[in-house]
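Subject: Structure handover

Hello,

Here is the structure for you to look over. My notes follow below it.

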Amino acid sequence: MFTELPWTCPLTGRPLAPAPPAAMPGLSWPPAADALLVTEGPDPIGYPVVDGVPILTVEAARGRAVPPSPVEAGRHEEIREEVDIYDRLAAADRARITHARRRLLGRRLDQLARRGALPGPFPDPPGVWVDSVGSADTQEAAYRHLAPLTETRFLQLGGSGSHAVKALLAGAECAGVLTPSFEEVQLGRALADSFGVGHRFFGVVAIGELIPLADGALDRVYGGGCLHHTAIEHSVPALARVLAPEGRAAFVDPLQNPIYRAWTGLAGRRARFCGDEEGTHDHPLDLDALRALAGRHFAGAEVYASGGPLRYGVVFAARALNLAPRPRTAARLFRAERAALDRLGLQRLYGNFALLLTR
Ligand SMILES: C[S@@+](CC[C@H](N)C(=O)[O-])C[C@H]1O[C@@H](n2cnc3c(N)ncnc32)[C@H](O)[C@@H]1O
C-alpha cells in the first residue's frame, strides 16, 4: 500500500522510488529494513522501509550528500525524547487491541461497526463518531469541517491512527497516520486490521514539520492534540503544501489560559495532564499568531474555541477519577459553558479550540 503514495524526501522534496537495500550498498540500514525509498537522480538519499512502514525521518536518511534539516536541532532532540513515551503507550494499546478499539474510537462506534451498522453520513450522529470527552464540541466542529470524507485521501497528523480508521469507515479512499513513533503506526495498522479496513490504511514515521509527501497529495488532514507538539512555523506551511486545492484540514488542541497556567504553576509540568503523556514537550499555541500564520497559507482559517473551568472539571473527573460523561453530554455542557463565558466576556478562559483550514 505504501508504494502507491507519492512519497518525497523530507529534506529535499525530491520524489522517492522503492528499491532493494542492495541499491545503496555500504550504508548502515536497520536490520529489519525490507526495502528502501530512494530519491531519483544524482547523489541519491535513501530511507529504510521497515515492516512495510517508510521511515522518512532526518535521522534515518543515508547518502553521500544528506543536507542539514531546516528544523532546529533542539526540536529534533525533543521529538527523539518523546518518541519513547509514545512508543510505550502505543505498544501497550496494541497488546490490548479490543480494549484499545473501544477506548480510542468510542464504545458506540465499536459496537455498531462490529454489527456492520454504522450510521452516517459522517459525522452524524455525533454521538457515534465523536470519541473525545474533553474535546467533544471542538472535535465535532473539526469533523463537520472535514466532511464529507467519501473518496478522499486522508492523513491523521500524530497519534494512534484512530481518526484515520474512522475516515476509512466513513468511505475515504485511503487513510493513514504520520507520526514520529513507529509503534503508533503499528497500533494504527492493528486498529485498521481489526475493523477490516487495513488494506486501505497506510502509516509513515515522519514529523509534521517535514511532511514527506508531494504537493497536493492529500484531501483531508486531521490532528487531535498534536499540532501543538509541532513547530507551527514549519508544520503549517507543510500542511498547506500537501493539501490539494480546496482540501481541508482541522486540528483540535489545548489553549494556554489563566486556569492552565495556575494549575501547572501549582502542580508542575509533570502533572499537567493528569494522564499518561507526562514528560512530553508541548508548545502552547498563541491563537493570534496561529491565526495569522494560517491566514498566510490557507484561503480559509477559522477558529472555534470553547472549554473553561467546567471542561477542566470534566477532564479531571475522566482522567483522575475515571468518571466520564458520554461525549454527546460533554459537548452539550461545553456549548452551554461557552455561551455563558461569551455572555460574561470571559473568552480568555477558553482552554480548547478547533482550527478549521481550507486550502
Ligand atoms: C498527546 S499525544 C495526542 C494523541 C492523540 N490524541 C491521538 O489521537 O492518539 C501527542 C501526539 O503528538 C504526536 N507528535 C508529537 N510530535 C510530533 C511531530 N513533530 N509531528 C507529528 N506528530 C507529532 C505524537 O504522535 C503523539 O501521539
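Start with Leu155, which stands opposite Val221 in strand 9. Three bridges join that strand (residues 218–224) to strand 6 (residues 153–157), and the two run parallel. Helices (H or I, at least four residues) and strands (E, at least two) are DSSP runs, numbered from the N terminus. Two strands pair if DSSP finds at least two bridges between them.

A note on the source: this is a predicted model, where local features need pLDDT of at least 70, side-chain atom pairs count only at pLDDT 80 or more, and totals for chains, interfaces and linings use all residues. Residues are numbered from 1 along each chain as its sequence is written, and side-chain values use heavy atoms, with hydrogens and water left out.

Seven strands make up an open sheet with mixed pairing, in the order 8-7-6-9-10-12-11. Strand 8 (201–205) and strand 11 (300–306) are its edges, each pairing on one side only. On average, neighbouring strands are turned by 15° against each other, direction ignored. Helix 7 (residues 182–194) packs on the sheet and touches strand 7 (174–179) and strand 8. The direction of helix 7 makes about 175° with that of strand 8. Contact means heavy atoms within 4.5 Å. Axes are lines fitted to C-alpha atoms, for helices over the stretch in contact, and angles run from 0 to 180 degrees between N-to-C directions.

Ser306

Ser306 lies in strand 11. Ser306 counts as buried at 1% relative accessibility (buried is under 20% relative accessible area, exposed over 50%, partly exposed in between, with a 1.4 Å probe and protein chains only). Its side chain makes a polar contact with the side chain of Asp137, at 2.7 Å. A polar contact is a pair of N or O atoms within 3.5 Å; within protein, one must be able to donate a hydrogen and the other to accept it, and residues adjacent in sequence count only if both atoms are side-chain atoms. Leaving out residues up to four places away in sequence, Ser306 also touches others, including Arg338 and Tyr350.

Cysteines

The whole structure holds zero disulfides (pairs of cysteine sulfur atoms within 2.5 Å). For Cys174, the closest cysteine sulfur is in Cys226, 19 Å away and too far for a bond. Cys174 is buried, at 5% relative accessible area. Cys9 is buried too, at 1%.

Domains

The chain divides into domain 1 (2–63) and domain 2 (75–358). These bounds come from an automatic or database domain assignment. Their centres, taken over C-alpha atoms, are 29 Å apart. Across the boundary, 15 residues of domain 1 are in contact with 17 residues of domain 2.

Best wishes
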